[in-house]
Amino acid sequence: MRKILATGLFGLGLALGPSGVSAQQAIELHGASQFNDDHAFTKSLAKFGELVQSCYGKPLNIILHRNSELGLEKQYFEYMSQGRAVDFAIVSPAHMSTFSKAAPFIDAPFLFRDLAHWNKVLDRDLFKPIADEIAKRADVMLIGYAGGGTRNIFVNKPVATLDEIKSLKIRVQGAPIWSRTFAAIGMSPTVIAYNEVYNAIQNGVIAAGENEAAGVEQMKFFEVAPNLAMTKHAITIRPLAFSGKTFRNLPAELQACVIKSGKEAGAHGRTIESSEDAAKLDALEKAGKLKQITFKDRDAMKKLVDPVLAAYAKEIEADKILAEINSIE
């Protein structure tokens, strides 16, 4: 749904330019975030809006819907694919799997050695084949990559070894690689909607979940699962996505600004989240809300996961991407 806010007489014979938008009209773009203004994803989207407006320099209204006002990330992606309600958003790759089996591979568990390795992979744009597939099949463009938070396991009891997490019921994202990964290390994974995790732990349906610091803080998971096992099993990548249908209806000059600003806003978001990650956890621990627990068997966990990741990459025809990622020093 392309939204135009008329600032003059509309539909009364005004001369339209090549884009179909008159000089007296301001183009209106809608973004969506599950979170409030303090979350790194919301900050990234706000930065994107600022950058686009500055770059374009013509009448342009950017409206950012926060706090799940327009639903959750899964809905945002569906809306962008359909060309209605949401024009841009940050979305988990797991929610793109309907259109691309390879999409969840973008931030699969144990894909990156550390933050430096993660940054090098993104700088080399190694996920372009996956982004191209998503654009073709879902008509949603991946114009930047935010994220940067290291994901750990929050749980309702202290755990520090593989034996202690064995058979533990944990919420995972909906993509198959997440269930396979956590099953391989002996846990009992189950897919639950993100906004239902808190109640699921509180009611004993599950005992744990996994997230980066920003999510743990925002969703107050520490209230029901105050023990954070520092498994460091993944580094978040959250694509900044833009509706292809919206994009094609924009003037060429604005299209160029969207592409440029998407890359810059993604990099801005990565800087924010990666720098805030440890500070958020330390603040929660200092306040007595959370206990960070060193996980002693991370290397053993990775050895169990590696063959699962390799098999998955081959299955979704991403084995060449995996080889390229592993080859980066």
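Visitor: Do helix α6 and helix α11 run roughly parallel or roughly antiparallel to each other?
Guide: The axes of helix α6 (residues 176–184) and helix α11 (residues 298–315) come within 9 Å and cross at roughly 155°, where axes are lines fitted to C-alpha atoms, for helices over the stretch in contact, and angles run from 0 to 180 degrees between N-to-C directions. Helices (H or I, at least four residues) and strands (E, at least two) are DSSP runs, numbered from the N terminus. Angles under 35 degrees count as roughly parallel, over 145 as roughly antiparallel, 65 to 115 as roughly perpendicular and the rest as oblique. The relation between α6 and α11 is therefore roughly antiparallel.

Visitor: What pLDDT do side-chain atom pairs need in order to count?
Guide: Residues are numbered from 1 along each chain as its sequence is written, and side-chain values use heavy atoms, leaving out hydrogens and water. The model is predicted, and while totals for chains, interfaces and linings use all residues, local features need pLDDT of at least 70, and side-chain atom pairs count only at pLDDT 80 or more.

Visitor: Which residue in β3 stands opposite Ala32?
Guide: Strand β2 (residues 25–32) and strand β3 (residues 60–65) run parallel and are joined by six bridges. Together with α1, these strands make a right-handed β-α-β unit. In β3, the residue opposite Ala32 is His65.

Visitor: Which cysteine is joined to Cys55 by a disulfide?
Guide: A disulfide is a covalent bond between the sulfur atoms of two cysteines, and here it is taken as a pair of cysteine sulfur atoms within 2.5 Å. By this rule the count is one disulfide, with an S to S distance of 2.2 Å. It links distant parts of the chain, 202 residues apart, from helix α1 (residues 40–56) to helix α10 (residues 252–286). The partner of Cys55 is Cys257.

Visitor: Is that disulfide between Cys55 and Cys257 left-handed or right-handed?
Guide: The handedness is read from the torsion about the S-S bond of Cys55 and Cys257, which is about -75°. With that torsion, the disulfide is therefore left-handed.

Visitor: Is Cys257 buried or exposed?
Guide: Buried means under 20% relative accessible area, exposed over 50%, and partly exposed in between (1.4 Å probe, protein chains only). Cys55 has a relative accessible area of 31%, so Cys55 is partly exposed, and Ala256, which lies in helix α10, counts as partly exposed at 46%. Because its relative accessible area is 2%, Cys257 is buried.

Visitor: What distance separates the C-alpha atoms of Thr231 and Phe295?
Guide: Thr231 lies in strand β9 (residues 227–243), and its relative accessible area of 0% makes it buried. Thr231 and Phe295 are 64 residues apart along the chain, and their C-alpha atoms are separated by 5.6 Å.

Visitor: Which residue in β8 stands opposite Ile153?
Guide: Strand β5 (residues 140–155) and β8 run antiparallel and are joined by four bridges. Both faces of strand β8 (residues 208–211) are covered, with Ala208 and Glu210 buried on one side and Gly209 and Asn211 buried on the other. The residue opposite Ile153 is Glu210.

Visitor: What phi does Ser68 have?
Guide: Most residues other than glycine have a negative phi, and most peptide bonds are trans. In the loop between β3 and α2, where Asn67 is placed, Asn67 has a positive phi of about 55° although it is not a glycine. Ser68 is found in the loop between β3 and α2 and is partly exposed, with a relative accessible area of 27%. The phi of Ser68, likewise positive, is near 60°.

Conventions: Two strands pair if DSSP finds at least two bridges between them. A crossover is right-handed if, with the strands pointing away from the viewer, the path from the first strand over the helix to the second runs clockwise.
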